[in-house]
Each structure stands twice: as C-alpha cells, then as structure tokens.
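I opened the model today to look up a few local features. My notes follow in the order I took them.

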Amino acid sequence: MVVALSLLAALLWAATGVLTKKGTEQVDPVVGSFISTCVGFSALLLITIFASGAEVPRTGANQLALLAAAGVMNYLIGRSLNYVSIKMIGPSRAMPIISAQVLVAPVFALMALRETLTPQLGTGILLVFLWTYILASKS
Amino acid sequence: MNPYFYPIASALVLGLMPTVAKLGLSEGMPPLQGTLFGTFAAIPLYVLVLMALGKWKDLWRIDQRSLVFLAASGGCSSLALLFMFTALSLGAVSIVVVISNAIPFFNLLFVFAFLRGERITGKVLLGNLAIVTGLVLAAIA
C-alpha cells in the first residue's frame with residue numbers, strides 16, 4: 001500500500017511538472033503557483049466534504065502547526081526556492097542540487113523519528129539520487 | 001548572497017517536509033484533512049508574498065489556456081501530496097521519499113505517451129533503469 005501510494009504521488013508530480021511548465025509559459029511562476037495551490041485546495045476541500053462530511057478531526061495544536069508548516073514548506077518555500085534557483089543559476093545546476101532532497105529526507109527521519117536505514121534502502125536511496133542527479137544535470 | 005544558497009535551501013526544506021508531515025499526522029489526524037489543512041495554511045502566505053512582490057494584479061490578466069493548465073497542475077499536485085501524506089501515515093519516511101522521487105521515470109513515460117518527437121537517449125534509459133532498481137530496493141527494504 002505504501003509503495004503504491006508513493007508511486008501514485010510520483011506519477012502525479014511528474015504530471016504536475018509537465019502541466020506547470022505549460023501553464024507558466026505566459027504567466028509569472030509565483031502567480032501560477034498561487035493559482036495552482038488555490039485550485040488544489042478547492043479540489044481537496046470537495047474530496048474531504050464528499051469523503052468525510054463536515055466532520056472536524058480532533059488533534060493537538062502542535063500537530064496542526066506541524067501540518068501547516070509541512071504545507072508551507074511544500075507549496076510556498078519549496079516551490080519558490082526552486083523557481084529562484086532555476087532563475088539564478090539555471091536548471092542544469094539547480095536541479096541536481098535540489099534532487100539531494102532524497103538524501104536529506106532520510107537523515108531527518110533518522111534523527112527525528114528514529115527510523116532505521118537498512119543496506120537495501122541505503123543502496124536504493126543512492127541509486128535514485130545518483131541517476132536523478134545525472135538526468136537533472138543534463139536537463 | 002551566494003546563488004547556490006537557494007537550491008541547497010530547497011533541498012533542505014523539501015527534505016525536511018516529509019518528517020514534519022509525519023509528525024503532524026502522528027496523533028490521529030486523517031491524511032485527507034491533514035493535506036487539506038497544510039494546503040490551506042500556505043494560501044494566506046502566498047497572498048502576502050504576491051502583495052509584497054506587487055504581482056497581485058497579474059492574477060486578473062491570465063489567459064484561459066494557462067488557467068486550464070495551472071488548474072490541472074493544482075489538482076495533480078494536491079492529489080500527489082494527499083497520496084504522499086497517506087503513505088507517510090502508513091510507512092517510513094525514508095521509503096516514501098525514495099519511491100515518490102521516481103518522477104524522472106514517470107516523466108519518461110509521459111514523453112513516450114505525449115511528446116513523440118522528443119529523443120530519448122541510451123543514457124536516459126539507463127538512468128531510469130537505475131531509478132527503478134533503486135525503487136525496488138527501497139520497496140523491499
């Protein structure tokens with residue numbers, strides 16, 4: 001299940017890249033990103049209403065703050081930094097560095113969540129990073 | 001400021017995000033509502049950034065074609081985040097992050113399907129084979 005959901009996320013992010021490229025040909029990237037986020041929020045709101053009604057889940061303030069931070073990191077900070085990086089040093093230099101997130105994420109997970117890193121997973125991370133780096137550096 | 005600061009900061013922020021999301025989902029918040037809340041939190045800050053950059057007026061000058069693509073992009077990226085948050089609520093961050101970074105592989109499939117004119121080199125095919133191998137290793141870890 002985890003693998004299938006993660007693959008679906010990758011598939012949709014690949015589609016997002018193609019669609020965003022088309023959508024920002026005539027539009028400022030920050031404006032385009034804002035519109036895309038608003039539409040995405042509306043879609044999620046509809047799905048939430050259909051899936052679970054107007055029920056508000058109970059959770060702690062810390063958890064809400066962490067989820068808000070994750071949303072801001074993904075949409076506002078992450079995307080904006082990507083756009084600025086590409087604009088300042090070009091995609092061929094920026095994208096390989098940005099792809100290092102696949103190496104950074106397990107480090108944070110090891111520190112904050114005490115996850116274990118098996119040799120298989122370590123090799124998998126290195127392979128994905130190495131070839132994403134090489135493919136991105138040729139873009 | 002050194003221009004390399006930006007991509008390094010991006011890698012750090014996007015690398016930290018899944019761990020922060022997993023911690024946020026740790027006390028019973030369903031992934032769907034968690035994704036909705038995270039997406040909602042970004043909107044007011046976007047408004048502030050657009051106003052600070054003086055780009056607010058650009059919103060009303062967007063052509064219909066761009067709007068359609070941006071709307072589709074928003075739908076796809078929100079669903080991607082929803083699937084990622086659901087996967088994070090069920091499994092380890094390290095595994096989810098590796099597999100959800102299979103983007104170049106799916107890009108290749110999209111190029112095959114929609115951009116017939118684009119040339120795919122042996123190096124690209126080899127790179128994607130390595131990515132698939134990495135994903136399989138992460139999936140069975």
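**Helix pair across two chains**

H3(A) and H1(B) are roughly antiparallel to each other, because their axes cross at roughly 160° and an angle over 145 counts as roughly antiparallel. I note that this is a predicted model. H3(A) covers residues 61-89 of chain A. H1(B) covers residues 5-24 of chain B. I found that the two axes come within 8 Å. I logged the crossing as left-handed. I then sorted the contact of H3(A) with H1(B) by residue class: 20 nonpolar, seven polar and no charged residues.

**Ser85(A)**

Next I asked where Ser85(A) is placed. Ser85(A) lies in helix H3 of chain A. Is Ser85(A) buried or exposed? I read a relative accessible area of 0%, so Ser85(A) is buried. I checked what its side chain reaches. The side chain of Ser85(A) comes to 2.5 Å from the backbone oxygen of Leu81(A). I also listed the contacts of Ser85(A), leaving aside neighbours within four places in sequence. In chain A these are Gly90(A), Ala94(A) and Ile98(A). In chain B they are Tyr6(B) and Pro7(B).

**Arg114(A)**

My last entry is on a backbone angle. Most residues other than glycine have a negative phi. Arg114(A) is not a glycine, yet I read a positive phi of about 55° for it. I placed Arg114(A) in the loop between helix H5 (101-113) and helix H6 (119-137) of chain A.

Notes. Residues are numbered from 1 along each chain as its sequence is written. Chains are lettered from A and ligands numbered from 1 in the order in which they are written. This is a predicted model: local features need pLDDT of at least 70, side-chain atom pairs count only at pLDDT 80 or more; totals for chains, interfaces and linings use all residues. Side-chain values use heavy atoms; hydrogens and water are left out. Helices (H or I, at least four residues) and strands (E, at least two) are DSSP runs, numbered from the N terminus. Buried means under 20% relative accessible area, exposed over 50%, partly exposed in between (1.4 Å probe, protein chains only). A polar contact is a pair of N or O atoms within 3.5 Å; within protein, one must be able to donate a hydrogen and the other to accept it, and residues adjacent in sequence count only if both atoms are side-chain atoms. Contact means heavy atoms within 4.5 Å. Axes are lines fitted to C-alpha atoms, for helices over the stretch in contact, and angles run from 0 to 180 degrees between N-to-C directions. Angles under 35 degrees count as roughly parallel, over 145 as roughly antiparallel, 65 to 115 as roughly perpendicular and the rest as oblique. A crossing is left-handed if the near helix is turned anticlockwise from the far one by less than a right angle, and right-handed if clockwise. Ala, Val, Leu, Ile, Met, Phe, Trp, Tyr, Cys and Pro count as nonpolar, Asp, Glu, Lys and Arg as charged, and the others, Gly among them, as polar.
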